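Here is a brief report on helix packing and nonpolar cores. Start with the sequence and the structure.

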Amino acid sequence: MTCIDRRDLGLLLLRLSAGGVLAAHGAQKLLGWFGGGGVEGTAQAMEAMGYEPGLVSARAAGLAEAGGGTLLALGLATPAAGAAAAGAMAGATAVHAPNGFFAQGGGFEYTALLGLTAAGLAVSGPGRLSLDHLTCNVLNRGWMVPVTLGATAVVTTVVVCARNNRLREAREGKQEALFEE
């Protein structure tokens, strides 16, 4: 039997807090819990933010947050869970970035903190107070960390770039002509 140390307790606290918050955010999107819009309301919001198609985007974000957050809290499949949650938060950060850093002004500090915490947990592992440890880390292998984070980075970059292109094209289409023809 191994001794549980303060690192394990610290990781448990990080997993429970960040995972719980992410799971609640996902439940807002998917189920309409905690004052959320549910899938339909979230789909409309996603389209307004430039993420199309809205329904697919709402489901993907909701599953990444709810699923990733729940798995992080449990300490199960930690690399994949952390990567999924970090990807969802990177997409949210892109929405908030034009408002600056601080959340008080609509900035990205909160989404960035959640995403970086999820990524950090993916890298560090869940600790010994976790289902990954209980299952002999079958879903928490070292090679899974760069694979899941790398794949998430690629997918997130493609999605955010497509969103940014749609928003830029919409702005350019609404721009008045500089010179009369």
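Contact here means heavy atoms within 4.5 Å. The model is predicted.

Take Leu22 as the entry point. Setting aside neighbours within four places in sequence, Leu22 is in contact with Glu65, Ala66, Gly69, Leu72, Ala85, Met89, Leu114 and Ala118.

Leu22 also belongs to the largest nonpolar core, which has 14 residues. Leu22, Leu72, Ala85, Met89 and Ala118 are the members that touch the most other members. Four elements each supply two or more residues: α1 (6-31), α3 (54-74), α4 (78-96) and α5 (109-124). The biggest share comes from α4, which gives six residues.

Another core lies apart from the largest one.

## α1 against α3

Two packed helices are described by the angle between their axes and the distance between the axes. For α1 and α3, the axes come within 7 Å. They cross at roughly 150°. Angles over 145 degrees count as roughly antiparallel, so α1 and α3 are roughly antiparallel to each other. Their crossing is left-handed.

On the α1 side, the contact residues are Arg15, Leu16, Gly19, Gly20, Leu22, Ala23, His25, Gly26, Ala27, Lys29 and Leu30. On the α3 side, they are Ala58, Arg59, Ala61, Gly62, Leu63, Glu65, Ala66, Gly69, Thr70, Leu72, Ala73 and Leu74. By class, this contact has 12 nonpolar, seven polar and four charged residues.

## α2 against α3

Helix α2 covers residues 38-48. It packs on α3 at an angle of about 110°, with the axes 7 Å apart. That angle makes α2 roughly perpendicular to α3. The crossing of α2 and α3 is right-handed.

From α2, the contact uses Val39, Glu40, Thr42, Ala43, Met46 and Glu47. From α3, it uses Gly54, Leu55, Ser57, Ala58, Arg59 and Ala61. These residues divide into six nonpolar, three polar and three charged.

## Lys29

Is Lys29 buried or exposed? Lys29 lies in helix α1. Its relative accessible area is 18%. Buried means under 20%, so Lys29 is buried.

What does Lys29 touch, not counting residues up to four places away in sequence? Its partners are Gly38, Val39, Thr42, Ala61, Gly62 and Glu65. Ala61, Gly62 and Glu65 are on the α3 side of the contact with α1.

Notes. Residues are numbered from 1 along each chain as its sequence is written. This is a predicted model: local features need pLDDT of at least 70, side-chain atom pairs count only at pLDDT 80 or more; totals for chains, interfaces and linings use all residues. Side-chain values use heavy atoms; hydrogens and water are left out. A nonpolar core is a set of buried Ala, Val, Leu, Ile, Met, Phe, Trp, Tyr and Cys residues joined through side-chain atoms within 4.5 Å. Buried means under 20% relative accessible area, exposed over 50%, partly exposed in between (1.4 Å probe, protein chains only). Axes are lines fitted to C-alpha atoms, for helices over the stretch in contact, and angles run from 0 to 180 degrees between N-to-C directions. Angles under 35 degrees count as roughly parallel, over 145 as roughly antiparallel, 65 to 115 as roughly perpendicular and the rest as oblique. A crossing is left-handed if the near helix is turned anticlockwise from the far one by less than a right angle, and right-handed if clockwise. Ala, Val, Leu, Ile, Met, Phe, Trp, Tyr, Cys and Pro count as nonpolar, Asp, Glu, Lys and Arg as charged, and the others, Gly among them, as polar.
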